[in-house]
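Work through the exercises below with the sequence and the model at hand. Each task is followed by a solution in steps.

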Amino acid sequence: MDTFILNWLISVPLFAAPLLIACLGVIVTARAGVLNLGVEGIMALSAAAGVVSVLQGGSLWWALAVAVLCGMLLSAVFGIATVVFKTDQVLSGLIIVAMGEGLSGVLGRGFTHRPITGFESVDFGFLHDLPWVGPIVFGQDILVYVTVLLVALTGYGVHKTFTGLRLRAVGENPSTADTAGVNVTIYRLGAVIIGGALCGFAGAYLSLSAGQVWVEHMVAGRGWIAIALAIFARWMPWRAVVGALIFGGTEAIIPRIQATGADVPVYFLMMLPYLLTLAVLIIPAITSRGSQDDTPAALLTNYLREDRH
Amino acid sequence: MIKQMVNTAIVAAAAVLLTVSAYAQVQLQGDPKAAFIYLSPAHDGGWTESIERGRVILEEQTGLDIHFTEDVAEEKAKVLQIVDLYVQRGYNIIIGTSWGYGEALQEAAEKYPSVAFMNAAGETSAANLESFYALTYQAWYLAGMAAASATTTKKIGIVAGFPLSVVNWDINAFQRGAQAIDPEVQLVATFVNTWFDPVKEGQAAEAMIEQGVDVIATNLSAASVPAAAEKAGVRFVGFQNDMSALAPNGHLTSVVFHWASHLVPSVQAMIAGTWESPGSSFVGLDKGMIGLAPLSDAIPTEVRERIAAAEAAMRAGELTPFDGPVRKQDGTEVIAVGQSITDDQLWTMDYFVEGIIGTMPAGE
């Protein structure tokens with residue numbers, strides 16, 4: 001039983017990390033009042049770009065950089081459309097999904113089903129031999145530690161810095177922020193591109209670390225789950241951590257329960273990650289009745305200075 | 001609910017089969033021009049790649065230049081549009097490759113009676129449309145024999161997609177074959193509920209290895225299952241194509257499609273003007289449409305001989321993987337001694353046989 005739990009806990013980051021990073025990307029973007037539904041497409045493109053870079057002879061870090069860059073470029077397309085040309089955010093996001101999946105298919109043609117050597121676990125020496133803590137905390141691949149760093153940075157950046165304050169102001173009330181001298185277009189575009197970089201990182205994690213191979217459609221809905229997690233987490237990075245850990249943890253235990261042959265209904269198991277995440281994230285919403293709504297007030301609203309009144 | 005749908009489908013298929021037998025030969029107009037419609041990219045490492053291998057052989061054998069369109073979604077309008085374009089350009093042999101193309105190809109077959117249509121894994125048929133599939137379970141039985149001879153923990157495993165009858169019969173035949181060599185062997189079966197998710201497939205394999213499984217088979221195509229097997233130093237059985245390159249140390253064998261063995265004679269008959277749609281064709285070992293990749297040296301000579309004997313018996317129709325007694329996981333008998341499985345029982349298979357560790361989702 002001990003090894004069962006240990007092996008399960010070791011594999012949790014594999015499921016949770018890509019969801020968490022993509023979720024952070026959604027949150028950063030949404031804090032500026034833009035909802036980018038294109039996450040699934042951005043992750044698909046970056047996952048393909050990462051593996052293609054490795055198979056072309058690039059190093060893993062180079063591949064990661066290429067993947068992140070692809071995420072930024074594709075989200076920049078979305079940003080220019082919605083922030084500069086004021087197109088509908090929902091519609092543009094869906095177009096990005098189709099674009100990303102299409103581009104990934106074109107780019108990845110000829111690179112599918114070719115295994116790569118991806119990021120391996122970091123060697124922490126004696127720390128790895130500590131009971132329980134060793135293999136769980138010190139047995140992960142380097143991208144998991146980068147993820148932890150990114151969560152801290154995002155949380156700090158959005159909530160504790162002056163730039164973060166302006167970012168949230170743009171998301172709450174762009175015309176007031178504009179009056180106060182904040183460049184709404186630059187802030188929104190910046191948030192979209194940083195969000196795209198995070199989603200690109202998430203896609204790269206899937207193909208370079210978790211799967212170590214690329215096949216078409218391998219993102220398999222994780223982009224949509226990241227958006228759902230961001231909504232459940234009410235746009236707070238630390239709540240996203242809780243949500244991603246519960247969701248990823250439940251997903252990680254499913255194959256392990258099945259392999260033991262325990263008599264549990266499979267379809268019920270498949271539903272569990274969604275149910276548990278929903279339950280846990282609803283609790284604070286119920287208990288903190290009367291508190292303000294956390295959703296950025298200007299979410300999904302494009303800002304046109306001429307419309308100000 | 002699902003059972004009802006399956007039953008309805010079987011009745012419908014039987015009705016179609018009966019009406020089809022009255023039809024005549026299809027006369028192509030103009031020179032023969034053939035094209036395939038693929039569900040995914042040609043080199044997807046799995047299903048489409050196995051058909052692509054067949055297309056290449058078909059080109060060599062018939063001398064035709066055979067075109068293909070990749071990544072065509074299972075949407076009626078899309079499939080019909082591609083068929084229209086091909087027909088306008090003078091193509092008169094069109095071969096689909098997915099169950100989900102069935103309805104569209106049936107409609108196209110009615111629209112273009114002088115064009116010959118085939119569909120791999122389809123369920124629909126017409127005077128000029130044939131659906132065909134391989135009796136995969138026959139080769140899975142042989143693969144099970146190989147797996148049982150290579151396990152020391154007496155626990156083997158299989159990672160599968162969804163609990164459909166065509167998947168369940170693979171899993172059950174794999175276990176039946178293993179039991180034929182060693183009755184004590186148990187098979188851990190896991191459905192990942194996806195057709196392509198390398199992360200989940202790899203994790204399912206790792207979880208099995210942690211439970212003591214030392215031979216892992218995949219009923220899917222992601223490279224992460226052989227990778228997990230290779231990393232843990234356990235044995236591996238592949239599917240659809242020869243997967244030996246993905247697990248050079250652990251590869252025991254793969255259950256491999258050889259679509260050309262059915263495509264070549266069919267297309268040759270179309271060219272000769274003697275082809276008529278048989279409705280549905282389920283082709284097995286006897287025609288060589290399914291088989292094993294070369295066996296690993298790890299399999300002892302005695303077992304190789306038994307595998308060869310079983311293969312010969314199946315080709316001759318003297319053996320099926322589901323000859324009675326066949327019992328379900330809980331011990332209830334499905335097929336009595338001296339009886340064999342019927343087609344109906346195959347197409348409605350919604351249980352695991354004895355010795356399988358795993359849970360079959362409720363069928364109702």
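This is a predicted model: local features need pLDDT of at least 70, side-chain atom pairs count only at pLDDT 80 or more; totals for chains, interfaces and linings use all residues.

Residues are numbered from 1 along each chain as its sequence is written, chains are lettered from A and ligands numbered from 1 in the order in which they are written, and side-chain values use heavy atoms, with hydrogens and water left out.

**Exercise 1.** Describe how α7(B) packs against α8(B).

*Solution.* Step 1: locate the helices, which are DSSP runs of H or I of at least four residues, numbered from the N terminus. Helix α7 of chain B covers residues 198–210 and helix α8 of chain B covers residues 224–232.

Step 1: take the geometry. The two axes (lines fitted to C-alpha atoms over the stretch in contact, with angles from 0 to 180 degrees between N-to-C directions) come within 8 Å and cross at roughly 35 degrees.

Step 2: list the contacts (heavy atoms within 4.5 Å). From α7(B), B:P198, B:E201, B:G202, B:A205, B:E206 and B:I209 meet B:S224, B:V225, B:A228, B:A229 and B:A232 of α8(B).

**Exercise 2.** State how many residues of α7(B) are buried.

*Solution.* Step 1: apply the cut-off, under 20% relative accessible area with a 1.4 Å probe and protein chains only. Of the 13 residues in α7(B), 10 are buried.

Step 1: name examples. Among them are B:Q203, B:A207 and B:M208.

Step 2: look past the helix end. Just after α7(B), B:G212 has a positive phi of about 95 degrees.

**Exercise 3.** Give the strand order of the open sheet in chain B and identify its edges.

*Solution.* Step 1: two strands (DSSP runs of E, at least two residues) pair if DSSP finds at least two bridges between them. The order of the seven strands is β12-β10-β9-β8-β6-β7-β15, with mixed pairing.

Step 1: β12 (290–292) and β15 (356–357) of chain B each have a single partner strand, so one side of each lacks a neighbour in the sheet.

Step 2: examine one pair. Strands β6 (155–160) and β8 (215–218) of chain B run parallel and are joined by four bridges; B:G157 has B:I216 in β8(B) as its bridge partner.

**Exercise 4.** Which residues does A:R256 touch?

*Solution.* Step 1: A:R256 lies in helix α11 (residues 237–260) of chain A. A:R256 is buried, at a relative accessible area of 1%.

Step 1: leaving out residues up to four places away in sequence, A:R256 touches A:F4, A:N7, A:W8, A:S11, B:Q203, B:E206, B:A207 and B:E210.

How values were computed. Buried means under 20% relative accessible area, exposed over 50%, partly exposed in between (1.4 Å probe, protein chains only).
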